[in-house]
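This briefing is meant for a reader who is meeting the structure for the first time. Please look over the sequence and the model below before reading on.

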Amino acid sequence: GREKETGIIRQFLRDHVGGRRPGSLYISGAPGTGKTACLSRVLLDCKDELAGSKTIVLNCMALRSPQGVFPAVGQQLGLPAATGREGVRRLEKQLTARGPIVLLVLDELDQLESKGQDVLYTLFEWPLLPGSRLVLVGLANALDLTDRSLARLGAHPAGGPRLLHFPPYTREQLSAILQERLGQVAGDTVLDAAALQFCARKVSAVSGDARKALDVCRRAVEVVELEVRSQTLLKPLPGGDSPASPVPKRVGLPHVSRVLSEVFGDRLVAGGRGPRGDTFPLQQKVLLCSLLLLLRRLRAREVTLGKLHDAYSQVCRRRQLPAVDQAECLSLVTLLESRGVLELKKAKEARLAKVSLKLEEAAVEHALQDAVLVGSILTQGLC
Ligand SMILES: Nc1ncnc2c1ncn2[C@@H]1O[C@H](COP(=O)(O)OP(=O)(O)OP(=O)(O)O)[C@@H](O)[C@H]1O
Ligand SMILES: [Mg+2]
């Protein structure tokens, strides 16, 4: 699913490393969208073409501080240890001296955000220095890291870095990735086709994260392995009766579905399942929906209890549902807080207490959406 993106990276390396032209590329995308995987693959594919240059790959997550990137690069270039301005000056001298092209790949670039963004700015300015032999590739989650920190580079005649964004994977792409991965396993089918499709559909609806999709499948396989192991431990019953019912050997839809709700919505259905298979009471669901809608409308991280109660009452009125008063609304919020879904910051007046979500918005919505009513409340929005 990343043919276009890998093609662009390959061409960039060809033009800049192969063509001995300094430059920079900024790759952004949400977690699990394949940035690291694709870049590693291209580096491997282009090994021969890159043979004449010096390739340095650093994961910025391993650095103690943003400034730590400078000595780390220096060390890779074989420079004697130096910190502060002196270290940066020596690096700049080295990178503008004669020599092979240096390809510097910085993964998890978000870690380099610093006050005033001077670390990122310094790095992305290097390829623009006269006589530079640096080709820089940065990978990050934030889409706008460059806007925020590198706007000044835009004014430079050679401009800022080339941008490449990895969008979340679609259902079809996730399903292809999972199928391909399972295809590497010899023997019987491990995962039902329906279970695989279900996983791809749910994960693409929430985040489009391939790591999550693979984890869900891995976890479902473990669940089945555990089932099999515990059942084979059961000895045949005395009197010649056959052992427990045959053990399932293939991962099916129920396994994947169980893991998915553990991953995305466990806290919403925690506390055991009721007779209707759902112990998350309606009033709490409606309140959560109202909170989601309000946060979105106000583009805020938190709202006051008073505002939340108003929005909730409005939703109940429209749906002709009985609404609880503000005092009871507070106890609903407290219940949701104890389930780890919300956070309540007390204030002198209950009305002014601040309510915020503790789970990812998408995870809450995903868990709520299965109910028809809640789904339609969410789609209609507030008036
Ligand atoms: N197109 C793909 N084909 C096969 N596997 C993939 C693909 N994209 C991602 N994966 C797998 O999904 C997992 C996550 O991908 P990767 O580490 O590249 O994500 P990332 O975008 O770098 O995420 P992060 O921002 O968290 O670093 C890895 O195990 C990777 O092998
Ligand atoms: Mg990565």
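Three helices each supply at least two residues of the shell around ligand 1, namely helix 2 (35-45), helix 8 (171-183) and helix 10 (210-232). The model is a predicted one, and the space that ligand 1 takes up in it is the largest pocket. The points below turn to the ligand, then to the protein as a whole, and finally to two residues.

**Ligand 1 and its surroundings**

- There are 16 residues around ligand 1, and those that come nearest are Lys 35, Thr 36, Ala 37, Asn 141 and Tyr 169.
- Thr 36 has a polar side-chain atom that lies 2.7 Å from an oxygen atom of ligand 1.
- Taken on its own, ligand 1 has 630 Å² of accessible area, and the protein covers 78% of it.

**The protein as a whole**

- The protein contains 16 helices and eight strands, and of its 383 residues, 44% are buried.

**His 255 in helix 11**

- His 255 is found in helix 11, which covers residues 253-265.
- With a relative accessibility of 10%, His 255 counts as buried, because the cut-off for a buried residue is under 20%.
- When residues up to four places away in sequence are not counted, His 255 touches Ala 220, Val 223, Val 224, Glu 227 and Arg 250.

**Val 221 in helix 10**

- Val 221 is part of helix 10, one of the helices that supply at least two residues of the shell around ligand 1.
- Val 221 has a relative accessible area of 25% and is therefore partly exposed, since that class lies between the buried limit of 20% and the exposed limit of 50%.
- Apart from neighbours within four places in sequence, the residues in contact with Val 221 are Val 190, Leu 191 and Val 251.
- Val 221 and Val 259 are 38 residues apart along the chain, and their C-alpha atoms are separated by 10.0 Å.

Notes: Residues numbered from 1 in each chain as written. Chains lettered and ligands numbered in written order. Predicted model: local features only at pLDDT ≥ 70, side-chain atom pairs only at ≥ 80, totals over all residues. Heavy atoms only, no water. Helix = DSSP H or I, 4+ residues; strand = E, 2+ residues; numbered from the N terminus. Buried < 20%, exposed > 50% of the residue type's maximum accessible area, 1.4 Å probe, protein only. Contact = heavy atoms within 4.5 Å. Near = heavy atom within 4 Å. Polar contact = N/O pair within 3.5 Å; in protein donor to acceptor, adjacent residues only side chain to side chain. Areas by Shrake-Rupley, 256 points an atom, 1.4 Å probe, with all protein chains shown as cover. 1 Å grid on protein atoms, 1.4 Å probe; cavity = no way out; pocket = protein on both sides within 12 Å on 5 of 7 lines; lining within 4 Å. Sits in = over half its atoms within 2 Å of the grid points.
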